[in-house]
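Try each task before reading on.

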Amino acid sequence: MTTDVSPTLAEDVIALVPMRNVVLFPHVLMPLTVGRPKSLAALAHAVASAAPLGIVLQKNAQVDEPGLADLCAVGTLAKVVRQVAAGDGQVHAVCAGEQRFRLLEWVPGHAFLAARIERIAGSDPPSTQAEALGMQLRERAVEILSLLPGVPAELAHALQATRSPAELADITGSLLDVELAEKQMLLEMLSVEERLHKVLQLLTHRIEVLRLSQEIGERTKEQLQDRERKFLLREQLETIQKELGENGEHEPETERLEQAIGAAGMPADTEAHVRKELQRLRRMAGGGAETGPQQTWIEWMTELPWRVEQRPPIDLDAASRILEADHFGLARVKRRILEFMAVRKLNPQGRAPILCFAGPPGVGKTSLGQSIARALQRPFVRVSLGGVHDEAELRGHRRTYVGALPGLIVQGLRRAGARDCVMMLDEVDKLTASHQGDPAAALLEVLDPEQNASFRDNYLGVPFDLSQVVFIATANVMDHVPAPVRDRMELIELPGYTQEEKLQIARRYLISRQLQANGLREDQCVIDDEALLAVVAGHTHEAGVRQLEREIARLMRFAAMKVAQGEVASLALGPSRVEEILGPPRFEHEVALRTSLPGVATGLAWTPVGGEILFIEATRVPGSGRLILTGQLGEVMKESAQAAMTLVKSKAATLHIPAAAFEAVDVHLHVPAGAIPKDGPSAGVAMFIALASLFSGRAVRHDAAMTGEISLRGLVLPVGGVKEKVLAAQRSGLALVLLPARNRKDLHEIPQATRAALQFAWLSDVDDAIHATLGVSSALLGRPRFELM
């Protein structure tokens, strides 16, 4: 027995098709998909009997067998225009909505869902307000269609052709992209004006949303295109790297950096900052322009010595042995270094003074710093400041610059690998200011114990503690060091070495070093003391020992060549062989030759490389009484010469110089080595003696040299650089040194061997100088007998 799907139904009974997610409006043509058995039966009945089909929305889409209570109260009568059976048992039907209806009761006994309904008649002729609302709705509907992409033009034409406000409201409501509940609410609105108001409200809101979305889309379109372009390029880059075998390198590198950050021992705030920068590096593309600088900065941060290592206590006895083994002489310097270490031992966290070794080149300033590092058992690093003219070279460049690097201080710490290293700031007197800043100003923060605990390098961008670094500075001339920098350092002077000290240094250090450098054993080249003395006296003329080591190296190379050629098994070098290898002496003691005539005196001068002797030559020619000065003399020396000339005239009677000797003559005072600028007041005594010798006709004692400033009253005033000048006199083979009496306090700085080799005359006024150098008796001068020391 089969069920009849097309029984005759009463006029007010219709077959129902419940819909899960579709609301059909009158005057709207819509495709529907039917799949449940009762819905298929209802569709078949409607087609067979040409009866209308009831389309109604389920309240709950999850219910498979809905009852009357599960359906909305209002639905739409529809005419099935066309149906097509699908392969999966479903039927696709095109239905045209005709009229609203209201469900009244269930009608059982059919193969499909059937219900008694009440047809809802159409509205009366539209009112003026409804027509106005319809006109506005039509305009808004056309407007929203223009904002939607891909809308067929026929739809806009159909809306323009719809004149009935009720039909326009239903058609527009079905097109709205709103929730099903809102569409069902529109279907249940029977008043045309209310329905038009609601549709217009929903349509206006939707237009605003679409318009805002369009504006946002236009603003982000270029960004999206750029992102898509970059994404495409990155994909291509990854493909290329994969083909080249270079892919997968970025992630292992960041993992290595993260482990290094954890092991570096940074302060908490610094570590947090570095980890934040590491996250930025992870987000960067592998081949991005910022990736390299970012990774380099993180590597710098992880390689710096943030922790202070535990050091053994300072052993002063061992430190003393190290200083004695590394350096000969320099007793006062060694004592001060040991005092410095003793304070460090008793107060490791204290702020010890910063030592500055000042002296000529080659006297051992750098090697002293290395000895201090050995005694403290700390790493040693040297930072050369010579020629630094940019503040950024000390503070570092900001990371925004291409090729930026930390400053020299931070670079030195990285090389040392310890935060408590011994750092030598070499040549602090060679810093020069420029338009790029004053590096000496940046050095103030480094050397100030109150500030260097939070030193900020521009490249690092975070504070770094320099308070545990032992800073040692070196300089040749302290006059060139800015006063604020000089104020932060304790000056230790290393003036130079005597001949005896040079012999000991050569014997203890230089010869063994050059033997090793030239591949010789001690028995293959032997240099006796007389040969060394010949090298020191005849082939070097310096405060330090650099030239001496170069000359010894020449002797060693000669011996190495002889031994390598098999001519000799060993070579003994005496004075004669030294002259054969090095040539005749380059420095001769010509003092006796140059001072054998009246008008020539030997002065003593201080230079940045040690003391030197200089000759003052005076002569007179017929003229008008002028004083001619040559030899690149500075203003101070010119004034000293004028004062000396006036003083000689005032002493003319004492020296038995006739007054006519000064008339109708020009006096020419010359200081040889005219290519070298000279200045300073200490040549006053030598100029006076040269002029006195010229006008008195007495030759100056040839083995005497002098220094001192004079006044118009004849007083001899004190000068500086006494030790350097005395050592220069000894190097030049002089026997008598004339010094101002007020410089007697400086005698203790002169080595004992030098004091024993020289005689000293202490000058209170120029009469003492006349007696000591010109041989004028004390009786003629009206003074007590002059005694030498």
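Buried means under 20% relative accessible area, exposed over 50%, and partly exposed in between. The model is predicted.

**Exercise 1.** Classify Asp448 as buried or exposed, then find its salt-bridge partner.

Solution. 
- Step 1. Asp448 has a relative accessibility of 12%. The cut-off for buried is under 20%, so Asp448 counts as buried.
- Step 2. Asp448 forms a salt bridge with Arg488. Their closest N and O atoms are 3.4 Å apart.
- Step 3. Asp448 sits in the loop between helix H15 and strand E10, and Arg488 in the loop between helix H16 and strand E13. The pair therefore ties together parts that are 40 residues apart in sequence.
- Step 4. Arg488 has a relative accessible area of 26%, so Arg488 is partly exposed.

**Exercise 2.** Describe how helices H17 and H18 cross, and name the residues that meet.

Solution. 
- Step 1. Take the axes. H17 covers residues 499-517 and H18 covers residues 529-539. Their axes come within 10 Å and cross at roughly 115 degrees.
- Step 2. The crossing of H17 and H18 is right-handed.
- Step 3. List the residues. From H17 come Gln499, Lys502, Leu503, Ala506, Arg507 and Ile511. They meet Asp529, Leu532, Leu533, Val536 and Ala537 of H18.
- Step 4. Sort by class. The contact of H17 with H18 has seven nonpolar, one polar and three charged residues.
- Step 5. Look for a salt bridge. The side chains of Asp529 and Arg507 form one, at 2.6 Å from N to O. Asp529 belongs to H18 and Arg507 to H17, 22 residues apart.
- Step 6. Check exposure. Asp529 is exposed at 51%, whereas Arg507 is partly exposed at 35%.

**Exercise 3.** Which helices hold Arg513 and Glu549?

Solution. 
- Step 1. The side chains of Arg513 and Glu549 meet in a salt bridge of 3.0 Å, N to O.
- Step 2. Arg513 lies in H17 and Glu549 in H19, so the pair joins parts 36 residues apart in sequence.
- Step 3. Arg513 is partly exposed, at 45%. Glu549 is buried, at 17%.

**Exercise 4.** Describe the surroundings of Thr474.

Solution. 
- Step 1. Thr474 is in strand E12, residues 470-475.
- Step 2. Thr474 has a relative accessible area of 0%, so Thr474 is buried.
- Step 3. Set aside neighbours within four places in sequence. The contacts of Thr474 then include Phe357, Lys365 and Met424.
- Step 4. The side chain of Thr474 makes a polar contact with the side chain of Asp426, at 2.2 Å.

How values were computed. Residues are numbered from 1 along each chain as its sequence is written. This is a predicted model: local features need pLDDT of at least 70, side-chain atom pairs count only at pLDDT 80 or more; totals for chains, interfaces and linings use all residues. Side-chain values use heavy atoms; hydrogens and water are left out. Helices (H or I, at least four residues) and strands (E, at least two) are DSSP runs, numbered from the N terminus. Buried means under 20% relative accessible area, exposed over 50%, partly exposed in between (1.4 Å probe, protein chains only). A polar contact is a pair of N or O atoms within 3.5 Å; within protein, one must be able to donate a hydrogen and the other to accept it, and residues adjacent in sequence count only if both atoms are side-chain atoms. Contact means heavy atoms within 4.5 Å. Axes are lines fitted to C-alpha atoms, for helices over the stretch in contact, and angles run from 0 to 180 degrees between N-to-C directions. A crossing is left-handed if the near helix is turned anticlockwise from the far one by less than a right angle, and right-handed if clockwise. Ala, Val, Leu, Ile, Met, Phe, Trp, Tyr, Cys and Pro count as nonpolar, Asp, Glu, Lys and Arg as charged, and the others, Gly among them, as polar. A salt bridge is a side-chain nitrogen of Lys or Arg within 4 Å of a carboxyl oxygen of Asp or Glu.
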